[in-house]
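Subject: Structure handover

Hello,

I am passing on the structure below, with a short account of what was found in it. Please read the notes with the structure open.

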Amino acid sequence: MSQILVIEDESVIRNAVDRLLTRRGYKVNTAESVEEAEQKFDLKSFNLILTDVRLPGVPGTDVINRAPGVPVLIMTSYASVRSAVDSMKQGAIDYIAKPFDHDELVMLIERTLKQEKLGRKTEVLKSDLDKSYPVDGMVGKCPAMQEVCRRVTKVAPTDTTVLILGESGTGKELVARALHEQSLRKDAPIVTVNCAAIPETLIESELFGHEKGAFTGADASRTGLIEAAEGGTLFLDEIGELPLAAQARLLRVLQNGEIRRVGSEQSRLVDVRLIAATHRDLKQRVQEGEFRSDLYFRLRVVELNLPPLRERGHDVVELAIFLLEKTRKQLNRSPMTLNQSAIETITTYGWPGNVRELENALERAVILCEEDIITPDLLAIESAHSAASQTASLNPASADLSLEEYFRQFVLENQEQLTETELAKRLGISRKALWERRQRFDIPRSKKGGG
């Protein structure tokens, strides 16, 4: 719901505009002067400010500098070119002459709000680095992925909250973007938040915003990421890592559509669609007291389960071909193909890092390839098989272990003697991949371990 501030000293006009816009579904606040408006409200929290030019105290155009980033429409009884030009020069988005036609005013407001939404979407997209996947191009023909696609098509046009479950690297953000782009909110922004990447002490301020002086270092008021998603979609990745205090605040957003900035006593209405994702078992987190049960049930109105790559059959080959083409275009390389040995290697490998690991392997192969054929050695994934095979031959009891069980056993048995670099080398993976798998499998680093 868009929030509009009307600043007008004539009560008849002020009340008439209030009633008109309220009937149209807008949330309207009013004031008689710029000073009163600034005392009563946070001017930057509005989607639009409609103000008269001549007011008690400072002129209405002063609100332009006091509410940076908020579009301001000017009402004036002096419908001269000069007054209109002066207002526009000061930063007004447009003007309307009094007495004005109600339909004309509503059309002007609707157009301005649409431009404001598009402007915020553009701003968000500029900072969004990962737009390489087409949102309608989820590759996969296995039954599990076909079911995911069917559910996305059904639930996308609604405002229903969606919980996406799946291992790290399975494409949860891609599904969230598909839900947004196929929804009625696609012209507004989708704001992505990785809950695991924000320090616990800052997560509430980042999500809900804060007022000036709310805590040490809060030198100015700040809009939170939830408000930044107004009219659009908020995607909370790794929601299982959200602290309990922030969970309680998020529950209020889902129940009442309200947020309260840190340090503020006033709630604000927000209109966002929430999509959450996690690789964790939230049921277990609830049982352990680490996740609120009421929030869990609010989140899983619709639940989408993404299968790991190892369970998607021939999809892995289709994905590899798709990602190879995408990567070589990004790197400005000539067309390349996978030879039969590379395809067999890709098919038989377990891909514990899922689609993300496959993409990284193909990117490395494209960079190192000197011709136009991708071979297994360029993928650099056989080394991991070799390490597992060598250990299995030395310890037959481990031959039947799954990749996760093997990884867990190998790390726990050797991390007291080996550094992280040595562990990664023995496993045939990078240090970054080792760290990611530790996080995914909940294996803490040894206190004695070095770099």
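The sheet and its surroundings

This is a predicted model. Five strands form an open sheet in the order E7-E8-E11-E6-E12, and their pairing is parallel. Strand E7 (190-194) and strand E12 (302-305) are at the edges; each has a single partner strand, so one side of each has no neighbour in the sheet. From one strand to the next, the twist averages 15°.

Within the sheet, strand E8 (residues 233-237) pairs with E11 in the parallel sense, over four bridges.

Helix H6 (residues 143-155) packs on it, touching strand E6 (162-165), E11 and E12. The direction of H6 makes about 150° with that of E12. Helix H7 (residues 172-181) lies across E6, E7, E8, E11 and E12, and runs at about 155° to E6.

Arg-280

The loop between strand E11 (273-278) and helix H11 (282-287) contains Arg-280.

Apart from neighbours within four places in sequence, Arg-280 is in contact with Glu-241, Arg-285 and Asp-442. Arg-280 and Phe-441 are 161 residues apart along the chain, and their C-alpha atoms are separated by 9.7 Å.

Regards

How values were computed:
Residues are numbered from 1 along each chain as its sequence is written. This is a predicted model: local features need pLDDT of at least 70, side-chain atom pairs count only at pLDDT 80 or more; totals for chains, interfaces and linings use all residues. Side-chain values use heavy atoms; hydrogens and water are left out. Helices (H or I, at least four residues) and strands (E, at least two) are DSSP runs, numbered from the N terminus. Contact means heavy atoms within 4.5 Å. Two strands pair if DSSP finds at least two bridges between them. Axes are lines fitted to C-alpha atoms, for helices over the stretch in contact, and angles run from 0 to 180 degrees between N-to-C directions.
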